[in-house]
Amino acid sequence: MPSPLLVTFVQATILNAISNVLAQLIDQRNNKTPFTLNTLALLQFLAYGILIVAPNFYWQRALESRYPGFPTRAELSNAFSARSLKSLFSPRSWLSVFSRFRRDVSLPSHKDKEKHVQWVPAPTSGLHSFVMKFLFDQTAASIVNLVLFVVIINLLKGESLAKSWDLVVLDFRPLMSARLKYRPVVSVLMYTIIPVDRRVVFGSACGVIWGIYLSLYAGV
């Protein structure tokens with residue numbers, strides 16, 4: 001039986017191929033030229049997609065291991081109640097969240113080491129796990145994925161590493177702005193109903209339009 005990573009590789013590659021072919025079709029139609037498949041551009045985009053599957057696959061597993069579980073219906077109902085929404089803007093509520101975050105990520109104290117007490121992370125609710133995974137996905141994961149996209153695509157096109165980094169500086173803001181228009185919705189679905197080993201494929205499926213945008217943006 002194929003491993004979850006191999007299944008993810010195959011499914012994500014097929015979806016990336018679809019998005020790139022559609023991007024070429026849209027680009028050539030806008031330029032009013034007969035459709036001709038640019039095989040080199042397709043292979044470059046597929047190579048980029050293959051290279052980032054494994055890091056994203058294991059990133060999702062690591063996130064789920066650190067912040068396991070889904071928010072329950074009761075937690076979601078309580079979180080979106082009128083009272084909870086009102087308290088969202090209270091400084092006291094933000095101090096409480098910050099304190100809890102510090103407790104979750106804090107290392108064992110010196111006294112604990114002396115007493116040989118085994119340190120374990122504080123238990124978290126499904127809602128807290130969802131919030132943390134959502135925040136990491138919108139910040140760290142988004143930044144790393146966009147930088148990798150610009151660097152890898154341009155290296156595959158024959159640019160130097162220095163030139164690729166210059167393009168990261170130039171392209172990062174518009175790419176991040178475009179990503180934030182769709183990724184939050186994908187993240188909400190991923191971290192509430194999608195199993196961890198299906199998240200990369202789900203992201204690729206939801207990201208076919210995003211893949212078209214990236215292909216058109218990169219000219220591949």
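Predicted model: local features only at pLDDT ≥ 70, side-chain atom pairs only at ≥ 80, totals over all residues.
Reader: Where does K32 lie?
Author: K32 lies in the loop between α1 and α2, the latter being residues 39-66. Helices here are DSSP runs of H or I with at least four residues, strands are E runs of at least two, and numbering starts from the N terminus.

Reader: What about the phi of K32?
Author: Phi of K32 is near 55°, a positive value in a residue other than glycine. Most residues other than glycine have a negative phi.

Reader: New topic. How many helices and strands does the chain have?
Author: The chain has 11 helices and zero strands. Buried residues make up 35% of its 220 residues.

Reader: Which residues does the "transmembrane region" annotation cover?
Author: In an unreviewed UniProt entry, that annotation covers residues 39-59, 134-156 and 200-219. Positions follow the numbering used here, feature names are shortened, and annotations may be inferred rather than shown by experiment.

Reader: How far apart are the ends of residues 39-59?
Author: The end C-alpha atoms lie 30 Å apart, and the span is 100% helix. For residues 134-156, the end C-alpha atoms are 31 Å apart, and that span is also 100% helix.

Reader: How many salt bridges are there?
Author: A search of the whole structure finds four. A salt bridge is a side-chain nitrogen of Lys or Arg within 4 Å of a carboxyl oxygen of Asp or Glu.

Reader: Which residue forms one with E64?
Author: K133 does, with the closest N and O atoms 2.7 Å apart. K133 lies in helix α7 and E64 in helix α2, so the pair ties together parts 69 residues apart in sequence. Both K133 and E64 are buried.

Reader: What about R183 and D137?
Author: Their side chains meet in a salt bridge at 2.9 Å, N to O. R183 sits in helix α9 and D137 in helix α7, 46 residues apart. R183 and D137 are buried. Elsewhere, salt bridges that share partners join E64, K133 and R199 into one network.

Reader: Which residues is R179 in contact with?
Author: Leaving aside neighbours within four places in sequence, R179 is in contact with S142, N145, L146, P184 and W210. Contact means heavy atoms within 4.5 Å.

Reader: Last one. How far apart in space are F149 and G49?
Author: They are 8.8 Å apart, C-alpha to C-alpha, and 100 residues apart in sequence. F149 is in helix α7, residues 126-156. F149 counts as buried because its relative accessibility is 3%.

Technical notes:
Residues numbered from 1 in each chain as written. Heavy atoms only, no water. Buried < 20%, exposed > 50% of the residue type's maximum accessible area, 1.4 Å probe, protein only.
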